[in-house]
Amino acid sequence: MSIATRASASLQTTDPEISALIERDRERHIRTLNFIASENYASQAVLECLASHLNVKYAEGYPRSRYYQGVALVDDIEQIAIDRAKQLFGAEHANVQPYSGSPANMAVYFALLQPGDTVMGMELSQGGHLTHGSPVSFSGQFYKFVHYGVDPESEVIDYDHVAALAGEHRPKLIVAGASAYSRVIDWQRLAEIAGSVGARFMADIAHIAGLIAAGVHPSPVPYADVVTTTTHKSLRGPRGALILSKQELAKAIDRTVFPGIQGGPHLSAIAAKAVCFREAMEPEFRAYQQQVVDNARALAEGLIRGGMKVVSGGTDNHLLVVKLLDREYSGKALAKALEGAGVITSMSTVPGETRRPAVTSGVRFGTPAVTTRGATEAQMQRVAQIVSTIAENPSDEAAIARLRPEVEAIARELAPVLPA
Ligand SMILES: *Cc1c(COP(=O)(O)O)cnc(C)c1O
């Protein structure tokens, strides 16, 4: 094969091993029900951008201010992505270059903080993210994080406690947002607390960006100095991230993203973000996000009817966490048992956690992915029954095997979504 011929050979020809694994994983998605709260099925249009020749391009810098030639058309693409992001979220400034949610958060911290500064973020075991000050993350190593959490009774954020901690520790920055919190976040209250101690306020909406874009969860944009988000979770775009900010911080944020922590922007992902923002402006997207929330509520109600405890007693958004503190088995054990039946979830720590983070006492369920496949409340009720049955005894392999065809039947009712 000549050099040029080799370059145009298909994946199947070039690497049958990886090709077959990808195909088997595609079939796995179609045959199972994906309740991983951070995952979603991006559209064909988004995937086409990711597979496009834009993968080639180097364009360090920003539109109309680049270090490379041949950038006129990718300048247009990035500018469209920026303009749409600002329009979609009503923001003054947008940076669409962050490779993913974690580097987006890193860029904001580098822009606003000095090493050793005090920052407040949500307790990891109660739903916060690693980049909100975990000791195993750069965030916990570079900055002095003080963590707030939920009220032990209501399991809703204890805003009075946030205010008390802020008064005591005088942080430079208060970070809000979570990876496993099922209630509406009161951005205004948190911004007021930040303002009262002279702190900046950052909202990390990685999980709920789609809900916010559709108006089914309040937006932090009017209240926050900076908003970060991934684009691949509920927002249903490519893997990547976005930073929104007040104009006053635009230069500092742009400089820390590039050249501060990143090199060349991923133009294929930026084109895909532009497409995702356009899709998110459609009326169907609003209907989709409302269905995501309705499905999560139906699932939570069904699980509670089935005898399970749900953190905070339910959900206002796209996810819920079942609480297994009083059970003999862990979150990990239940998540594994559920996978045996074709219900794909992730373990999660819970408020009052007693087990290790690698085992946990919770399982997190999210509805964005199954809702993209067309799932509705009736199917959520059937899933809740199946999950509740398995949760009675997750080591009963015969019961799990009996339930697997029921899950496959529901999966067959849904759209396959993933293109071959
Ligand atoms: C997922 C998530 C991130 C990080 O996103 P990655 O793309 O996985 O780096 C940051 N913050 C929150 C709240 C998240 O849920």
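A helix here is a DSSP run of H or I that is at least four residues long, with helices numbered from the N terminus. The model in these views is predicted.

**View A. The whole chain, before we zoom in.**
The chain carries 17 helices and 15 strands. Its radius of gyration is 22 Å, close to the 22 Å that the globule rule gives for 420 residues, so the chain is as compact as a globular protein of that length. Laid along its principal axes, the C-alpha trace spans about 70 × 60 × 40 Å. Of the 420 residues, 55% are buried.

Which residues are closest to the ligand? Ser100, Ser102, Ser179, Asp204 and Lys233 are, out of a shell of 13 residues. Sorted by class, that shell holds two nonpolar, nine polar and two charged residues. If you're looking for the element that gives the most to the shell, go to helix α6 (residues 101–112), which supplies three residues.

**View C. Polar pairs between side chains and the ligand.**
Start with serine 179: an N or O atom in its side chain sits 2.8 Å from an oxygen atom of the ligand. Lysine 233 also has a side-chain N or O atom 2.8 Å from a ligand oxygen. Aspartate 204 pairs up with a nitrogen atom of the ligand instead, and a polar atom of the aspartate side chain lies 2.6 Å from that nitrogen. How much of the ligand does the protein cover? On its own the ligand has 380 Å² of accessible area, and the protein covers 87% of that.

A disulfide is a covalent bond between the sulfur atoms of two cysteines. To count as one here, the two sulfur atoms have to be within 2.5 Å, and the tally for this model is zero disulfides.

Most residues other than glycine have a negative phi, and most peptide bonds are trans. Zoom in on phenylalanine 258 and proline 259, though, and you'll find a cis peptide bond joining them, with omega at about 5 degrees. Proline 259 is part of helix α11, which covers residues 250–261.

**View F. Serine 312 and its positive phi.**
Serine 312 isn't a glycine, yet its phi is positive, at about 65 degrees. Look for serine 312 in the loop that links β11 (309–310) to β12 (319–323). With a relative accessibility of 14%, serine 312 counts as buried.

Valine 417 is another residue other than glycine with a positive phi, near 65 degrees. You'll find valine 417 in the segment after α17 (397–413). Its relative accessibility of 31% puts valine 417 in the partly exposed group. Alanine 369 belongs to helix α15 (residues 368–372) and is buried, with a relative accessible area of 0%. Although 48 residues along the chain lie between the positions of alanine 369 and valine 417, their C-alpha atoms are separated by 9.9 Å.

Glycine 116 sits in the loop between α6 and β5 (118–122). Is glycine 116 buried, partly exposed or exposed? Its relative accessible area is 36%, so glycine 116 is partly exposed. In sequence, glycine 116 and phenylalanine 142 are 26 residues apart, while C-alpha to C-alpha they are 5.9 Å apart in space.

**View I. Serine 196 in helix α9.**
Serine 196 lies in helix α9, which runs over residues 187–196. At 55% relative accessibility, this serine counts as exposed. How far apart in space are serine 196 and alanine 296? The two are 35 Å apart, C-alpha to C-alpha, with a sequence separation of 100 residues.

Technical notes: Residues are numbered from 1 along each chain as its sequence is written. This is a predicted model: local features need pLDDT of at least 70, side-chain atom pairs count only at pLDDT 80 or more; totals for chains, interfaces and linings use all residues. Side-chain values use heavy atoms; hydrogens and water are left out. A residue is near a molecule or strand if one of its heavy atoms lies within 4 Å of it. A polar contact is a pair of N or O atoms within 3.5 Å; within protein, one must be able to donate a hydrogen and the other to accept it, and residues adjacent in sequence count only if both atoms are side-chain atoms. Accessible areas come from the Shrake-Rupley method with a 1.4 Å probe; for residues, only the protein chains shown count as cover. Helices (H or I, at least four residues) and strands (E, at least two) are DSSP runs, numbered from the N terminus. Ala, Val, Leu, Ile, Met, Phe, Trp, Tyr, Cys and Pro count as nonpolar, Asp, Glu, Lys and Arg as charged, and the others, Gly among them, as polar. The radius of gyration is taken over C-alpha atoms; the globule rule is 2.2 Å times the number of residues to the power 0.38. Buried means under 20% relative accessible area, exposed over 50%, partly exposed in between (1.4 Å probe, protein chains only).
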